[in-house]
Amino acid sequence: NVPPRDFKSGFPGVTKRTEWFAIDYTGRFWIEKPALYRFSLTSDDGSRLYIDGQLVVDNDGLHVPQVRTASLELAGGVHDIRVSYFQGPGYTVALILMIAGPGEDYRVFNTEEFKPPPNPENWIFPEKK
C-alpha cells in the first residue's frame, strides 16, 4: 500500500534507489469463501497482478499513477500471488493492490486477512486453470 508520492521520498523497503528499479512480490493467500473477487491495481509506473500464474491485471508501461481493475472467480483454498512492479523515471512512485469480495467495497489487500491455515497439510490447492 504505497499511495502516490514524490519519488525522492523513495519506495518502502527499497534501498536508496529512487528510479529505474523493479520489485517482484510473490506469496500465497487463502480464500475461505469461493466467489468472484474484484482486484484493483494502482501503480506508477508499471505493474502486473498474477494469480495462480494467470495474468489478472495488466497495468504495465511508463505512466502517471493509474488504476486498472479485473475480476476473477476464486475457489476456496490456497492461491499463488505475484505482483510485479517497476519504477521508471522520477516524479512519482505508487503501488496499491486492493480486493473486494461479493457485496464488499474495495480494501487494501492484506496478507494477514488472507493468511493460509498454519498447517500446510490442511491446505487446499484448487485446480489451477
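In this predicted model, N59 touches L41, T42, S43, D45, G46, S47, Q66, V67 and R68, when residues up to four places away in sequence are not counted. The largest nonpolar core comprises 27 residues, and the count of salt bridges comes to seven.

- N59 belongs to strand 5.
- With a relative accessibility of 1%, N59 counts as buried, because the limit for that class is under 20%.
- Through its side chain, N59 reaches the backbone oxygen of L41 at 3.0 Å.
- A polar contact at 3.3 Å also joins the side chain of N59 to the side chain of S43.

**The largest nonpolar core**

- Within the core of 27 residues, F39 and L49 are the residues with the most contacts.
- At least two residues of this core come from each of strand 2 (21–31), strand 3 (35–44), strand 4 (47–51), strand 5 (54–59), strand 6 (66–74), strand 7 (77–87) and strand 8 (92–100).
- Once neighbours within four places in sequence are left aside, L49 is in contact with F39, L41, Q54, L55, V56, V57, I81, R82, V83 and L97.

**Salt bridges around R107**

- Side chains of opposite charge can pair when their charged atoms come close.
- R107 forms a salt bridge with E113, in which the closest N and O atoms are 2.6 Å apart.
- R107 also meets E104 in a salt bridge, with an N to O distance of 2.7 Å.
- R107 is partly exposed, its relative accessible area being 24%.
- E104, at 31% relative accessibility, counts as partly exposed.
- E113 likewise counts as partly exposed, at 41% relative accessibility.

**Other charged groups**

- The side chains of K115 and E112 meet in a salt bridge with an N to O distance of 3.6 Å; this pair qualifies because the cut-off is 4 Å.
- E112 has a relative accessible area of 53% and is therefore exposed, the threshold being over 50%.
- A network of salt bridges links R48, D58 and D60.

Definitions and conventions: Residues are numbered from 1 along each chain as its sequence is written. This is a predicted model: local features need pLDDT of at least 70, side-chain atom pairs count only at pLDDT 80 or more; totals for chains, interfaces and linings use all residues. Side-chain values use heavy atoms; hydrogens and water are left out. Buried means under 20% relative accessible area, exposed over 50%, partly exposed in between (1.4 Å probe, protein chains only). A nonpolar core is a set of buried Ala, Val, Leu, Ile, Met, Phe, Trp, Tyr and Cys residues joined through side-chain atoms within 4.5 Å. Helices (H or I, at least four residues) and strands (E, at least two) are DSSP runs, numbered from the N terminus. Contact means heavy atoms within 4.5 Å. A polar contact is a pair of N or O atoms within 3.5 Å; within protein, one must be able to donate a hydrogen and the other to accept it, and residues adjacent in sequence count only if both atoms are side-chain atoms.
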